[in-house]
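User: Hi! Could you walk me through this one? I'd like to start with the ligand and then look at a few residues.

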Amino acid sequence: MQTALPDNRGYFGAFGGRYVPETLMSALYELDDAYQRFKHDGPSQVRLKSLLDTFVGRPTPLYFAERLTAHVGGARILLKREDLAHTGAHKINNAVGQVLLANFMGKSRIIAETGAGQHGVATATACALLGCECHVYMGSEDTKRQRMNVFRMELLGASVISVDSGSKTLKDAINEAIRDWVTNVGTTHYVIGSVVGPHPYPMMVRDFQSVIGSESVVQCLACYEQLPDAVVACVGGGSNAIGIFHAFLDEEVELYGVEAGGKGLHTPDHAAPLASGSVGVLHGARSYLMADDDAQVLSTHSVSAGLDYPGVGPEHAYLKDSGRVQYFAADDQEALEALSLLSRIEGIIPALESAHALAYAIQLAKRLGKERTVLVNLSGRGDKDLDIVRNAV
Amino acid sequence: MTISQTFERLRSQDEIALIPYMTAGFPTLRKSIDHLETVARSGGDIIEVGIPFSDPVADGPTIQYASQVALENGVTLAKTLDALSHVDLGKPLVAMSYLNPLTAYGMERLFDDLRAARVTGLIIPDLPAEEADDWQASAEGAGIDLVFLIAPTSTSQRIKHIAERSQGFLYYVSITGITGARSALAKSLPDRLAEIRKVTDTPIAVGFGISTPEQVRSLRSYADAAVVGSRIIDAVRREENLFDLIKDLKAATRNTHTARHED
Ligand SMILES: Cc1ncc(COP(=O)(O)O)c(C=O)c1O
């Protein structure tokens, strides 16, 4: 069974592990241990479930995109509406879970990294909800590009620390958050925003996001009495994708991950480590990543800030190599077109990240034909992207 | 001379080792090699050379800056090892770098080229003891000491496990944090080092935050070596006299009552 991974050392096959400075090792064991207790602690699980229902707004709807389906003229297209979750993306599922876990561990200082600001906003929100101090690291390029989200986080009571090192984007924000954690590990919990980082993060974030897939299974069976033929999700670090895939891993359902093709995989300007990267170690785990010939990590490009990351979660690396999931890329242009199409004919403005999944799903729906069903994880809403979209068209 | 022999010699002279750290390629590859030679001549007992990586999570702003300049200069692991192979510092040389560039180089080729560059020790800050089996086997085969780190947060069980593995010396991270000069040493230091001593005879080097002769002198009572990094990068950056800086730091490693005077 694929769902039994990782092993107790944090490996998904050859990928994962715990490659961090010694200072953090004891904290990772403590976290692993606390998480196991949290998972089996009745009151904590009741509280998590109740917050997901009443605060996050779960279950999110499963929506039949009828006009889009007719327009494409192929398989039925279903959308899992994570854009309707509180704060506008799936990131809140993990943020609420991890901040609750931090409370359970008695840690009240929370740090997080953010790229576009979605995970930062989700973490700041969870901290406001649960009464924790919150510090969010964000590359200085991103604080400029996403000023509204900086303001949102500050309004929620978080402090946003602008990171000027390296490429001044998400990768460097993670480096800086790791350095903060190394320094303040006794009092601080680091809420990583995707299924990346050292064990137990890829497993823990996956578990918190798996609610997306388990709801989808129930909803598909209730509405259509069968599972979809294919599930499609975008892959940045990979949390919304793992979240929706997990319930389908042992079923006969095709799974597709869509990375950011940027200006095209034939150019250096993309963020598709699974499609065209190599194996290495970044941010505490062995996985695929984008690096140059000397193994220096490259800066990436995507029109969507949430996919603009040179690494990817180790479980995706495993699922790629095992062949269980197939990974493709959609480029900037395709994502922008999918975004405007869905806006016009369904009245849903998706996040640019989610638009990558949609772009691929449209092609797939055509290929599969009318009798089949494609489920797309609509991981977030596009309000945050309006400036970028306006400047691009 | 090997790392172990160096520690033996210094112990018999009632000195601790001074381990200066420099980033290869900062401010240029040529100059960093010259600086390594200066540092080896002016009192460095074991020389630590950092090989730059784009994402050095264990390092503070000073070493980050040096790494970034080095990378902008196009300095790579291959170029660094090639440059080192043309000099003889006359002191044991320890390389420090992160897993990603080291792994990509290929383990066998890496240990061959480290030997050709007269590197006798290797420190990988993002390689914890439990992930290190392959590395240890290869290092042992090549006769290179794989040095592990112990942190203030390491449990006694981990300390034991790490101490068993570390070759040449053990690197004790003096503070819960990243590299960079600090004004004071952690109060817990003497107790922590005493705890480590109980489980091992391997020499202990203390690093992270050490910048002044006073700090080095205070380590004489507990440690076998002092690693000084960010302070030296800062000196290079400010074009201070490196020879004098190292000489003063080295003087602090000696017993002031019996020390012979250097000329
Ligand atoms: C809406 C949305 N979808 C997807 C992602 C990509 O992250 P992941 O691959 O972890 O789901 C982000 C990240 O910010 C996001 O905001």
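Analyst: Happy to; we can go through the ligand site and then some individual residues, keeping in mind that this is a predicted model.

User: Great. How many residues surround the ligand, and which are the closest?

Analyst: There are 18 residues around the ligand. The closest are A:Ser194, A:Gly236, A:Gly238, A:Ser239 and A:Ser379.

User: How does that shell divide into nonpolar, polar and charged?

Analyst: The shell has 11 polar residues, five nonpolar ones and two charged ones.

User: What about A:Ser194, how far is its side chain from a ligand oxygen?

Analyst: An N or O atom in the side chain of A:Ser194 is 2.5 Å from an oxygen atom of the ligand. For A:Ser239, a side-chain N or O atom is 2.7 Å from a ligand oxygen. With A:Gly238 the backbone takes part: one of its polar backbone atoms is 2.7 Å from an oxygen atom of the ligand.

User: And how much of the ligand's accessible area does the protein cover?

Analyst: The protein covers 96% of the 390 Å² that the ligand has on its own. The space the ligand takes is also the largest cavity.

User: Nice. Changing topic: where does A:Asn377 lie?

Analyst: A:Asn377 is in strand β14 of chain A, which covers residues 373-378.

User: Is A:Asn377 buried or exposed, and why do you say so?

Analyst: A:Asn377 counts as buried because its relative accessible area is 0%, and the cut-off for buried is under 20%.

User: Which side chain does the A:Asn377 side chain make a polar contact with?

Analyst: That would be the side chain of A:Asn240, at 3.0 Å.

User: OK, on to the helices. What can you tell me about A:Leu358?

Analyst: A:Leu358 sits in helix α15 of chain A, residues 352-368. Its relative accessible area is 0%, so A:Leu358 is buried as well.

User: Last one: which helix holds A:Thr69, and is A:Thr69 buried or exposed?

Analyst: A:Thr69 belongs to helix α3 of chain A, which runs over residues 66-72. A:Thr69 has a relative accessible area of 11%, so it is buried.

User: What does the side chain of A:Thr69 reach?

Analyst: The A:Thr69 side chain reaches the backbone oxygen of A:Ala65, at 2.7 Å.

Conventions
Residues numbered from 1 in each chain as written. Chains lettered and ligands numbered in written order. Predicted model: local features only at pLDDT ≥ 70, side-chain atom pairs only at ≥ 80, totals over all residues. Heavy atoms only, no water. Near = heavy atom within 4 Å. Polar contact = N/O pair within 3.5 Å; in protein donor to acceptor, adjacent residues only side chain to side chain. Areas by Shrake-Rupley, 256 points an atom, 1.4 Å probe, with all protein chains shown as cover. 1 Å grid on protein atoms, 1.4 Å probe; cavity = no way out; pocket = protein on both sides within 12 Å on 5 of 7 lines; lining within 4 Å. Sits in = over half its atoms within 2 Å of the grid points. Nonpolar A, V, L, I, M, F, W, Y, C, P; charged D, E, K, R; others polar. Helix = DSSP H or I, 4+ residues; strand = E, 2+ residues; numbered from the N terminus. Buried < 20%, exposed > 50% of the residue type's maximum accessible area, 1.4 Å probe, protein only.
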